[in-house]
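Keep the viewer open while reading.

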Amino acid sequence: KCCMSDIYQYLMIFASGVILTLSAVVLAVKIPRQTGFKKFRKARKIFAISCATLAALSVLCFAVGYVHPFDKLAILATGPFQALLLTSMILIFINPGVITLRCVMRDVLVITAIISAPYLCYWFWPKAFVYAYWAAAGAFLIQLFSYAAIFAKSFRKVIMLTNEYYAENNAPRLSWILWMFLTALATGICAFISLCVSSWSYLALVPMYMQTYLFFTIKIINYAADSGYIVMALNSGAEVSSESAEEMEEVQNSRIYPEIPGNMLAEISGNIDKWISAKGFTEKDVPYTETLEKIGVDVVMMRRYMKDEFGTDFRTWRNGLRLEEACRMFADAPEMTVEQVSDHVGYNDSSNFRKDFKRRYGMSPSDYRKTIAE
């Protein structure tokens, strides 16, 4: 017990220093004053306050030392609130509309009521403590999986929305959000397991939640700098994307593809040739509607044009142009890496580029370069 108490205290004081540092780093992050970042700015402050609170709790645990069963009750008290906080932060990244003050306050009140029961039983009804403890632990586990369901739905939505808004496959590009949630979920499950096993589980739990908070801090910093494309799709493109999706779905279901008048067909063809000459297909993070405006055609008309002229959809056709440009670059600029070529021709994610290239040419970009060299 003495050894466990010493290790526990060392872990707590070390964790408090790490978490407090992360709190200061998060507060120092500059966030654009755009409307789309409004909830994110508030969430950043809440995350920083939560870090400071967790650091203060760790200092308290260091001062008191290992005291059973209050070490377990401390996890039971903080775990559900941390799950709420981290899940809310992730959802603000991808579906801010689902995070409202009413929903958050409802969850806070429910969590407070559930975790208060074991404490009250411990002091006033000791015989009922075990039942209240395991009931609260079970509620924590249910909370984790309910948040997983909410996240899965929101994650599918943001992928669909960004894919429609940019006419791109953004799933690989958004994988970091999935890893954020899986990291938080794994930490929550580890906290639940620590409620069921010996106190040596702290050796896994404390480093794990420190790593989770470090991961979140890094992503908060990167989100403000590199994730404007998500904000654009969630805000500016939401209504347009929904209308376009409904219009395209209606046309597809009815199998009605209006004929394009001859004069308009020639105009569209000429505009597309100009767009190709200007290498518009290499532009990244350009909304699909903006591209259509440059070509002078609407969604339904473009769908018909692509079907008649190329027998495919716009995204596949544009990717074909990008891959052809990549082949020219491999021949003309052999010093460029595959990642540089991928970025130059308009791919946001090199894994998408490699996959599409191999599907089209039957070999990887690296093998194609070797073939060119030989």
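**Charges over rings**

The charged end of Arg 322 sits over the ring of Tyr 347, 5.7 Å from the ring centre. The criterion is that NZ of Lys or CZ of Arg lies within 6 Å of the ring centre and within 35 degrees of the ring normal. Arg 173 also meets a ring: it lies over the face of Tyr 229, at 3.6 Å from the ring centre.

A word on the source. This is a predicted model, where local features need pLDDT of at least 70, side-chain atom pairs count only at pLDDT 80 or more, and totals for chains, interfaces and linings use all residues. Residues are numbered from 1 along each chain as its sequence is written, and side-chain values use heavy atoms, with hydrogens and water left out.

**Rings against rings**

A pair of aromatic rings is described by the distance of the centres and the angle of the planes. Here, rings of Phe, Tyr and Trp (its six-membered ring) pair if their centres lie within 6.5 Å; planes under 30 degrees apart count as stacked, over 60 as edge-to-face and the rest as tilted. By this rule the count comes to 30 aromatic pairs. Take Phe 353 and Phe 357: their pair is tilted, with 5.8 Å centre to centre and 50 degrees between the planes. Both residues lie in helix H15 (residues 350–361), four residues apart, about one turn of the helix. Helices (H or I, at least four residues) are DSSP runs, numbered from the N terminus.

The cut-offs are under 20% relative accessible area for buried and over 50% for exposed, with partly exposed in between (1.4 Å probe, protein chains only).

Ring pairs also build a cluster. It links Trp 275, Phe 281, Tyr 288, Tyr 305, Phe 310, Phe 314 and Trp 317.

**Salt bridges**

A salt bridge is a side-chain nitrogen of Lys or Arg within 4 Å of a carboxyl oxygen of Asp or Glu. How many salt bridges does a search of the whole structure find? It finds twelve.

Start again in H15. The side chains of Arg 359 and Asp 356 meet in a salt bridge, 2.9 Å from N to O. The two residues both lie in helix H15, three residues apart, about one turn of the helix. Arg 359 is exposed, at 59% relative accessible area. Asp 356 is buried, at 14%. Elsewhere, salt bridges that share partners join Glu 168, Arg 318 and Arg 322 into one network. Arg 322 is also the residue whose charged end sits over Tyr 347.

Now look at Lys 294 and Glu 283. Their side chains form a salt bridge of 3.3 Å, N to O. Lys 294 lies in helix H11 (residues 288–295), and Glu 283 lies in the loop between helix H10 (262–277) and H11, eleven residues apart. Both ends are partly exposed: Lys 294 at 45% relative accessibility and Glu 283 at 34%.

The side chains of Asp 343 and Lys 284 meet in a salt bridge as well, 2.2 Å from N to O. Asp 343 lies in helix H14 (residues 338–344) and Lys 284 in the loop between H10 and H11, so the pair ties together parts that are 59 residues apart in sequence. Asp 343 counts as partly exposed at 42% relative accessibility. Lys 284 counts as partly exposed at 30%.

Helix H2 (residues 38–64) has 27 residues. From its first C-alpha to its last it reaches 40 Å, close to the 39 Å expected at 1.5 Å a residue. That expected span is 1.5 Å times one less than the number of residues. Its buried residues include Phe 40, Arg 41, Phe 47, Cys 51, Leu 54 and Cys 61. Just after H2, Gly 65 takes a positive phi of about 90 degrees.

Which residues form a nonpolar patch on the surface? They are Ile 13, Phe 14, Val 59 and Phe 62, with about 340 Å² of accessible area together. Helix H1 (2–27) and H2 each give two or more residues to the patch. Such patches take residues with over 30% relative accessible area and no salt bridge, and nonpolar side chains (Val, Leu, Ile, Met, Phe, Trp, Tyr) are joined within 5 Å. Accessible areas come from the Shrake-Rupley method with a 1.4 Å probe. Phe 14 is found in helix H1 and is exposed, with a relative accessible area of 51%.

Terms used. Patch = residues over 30% accessible without salt bridge, like charges linked within 9 Å, V, L, I, M, F, W, Y side chains within 5 Å.
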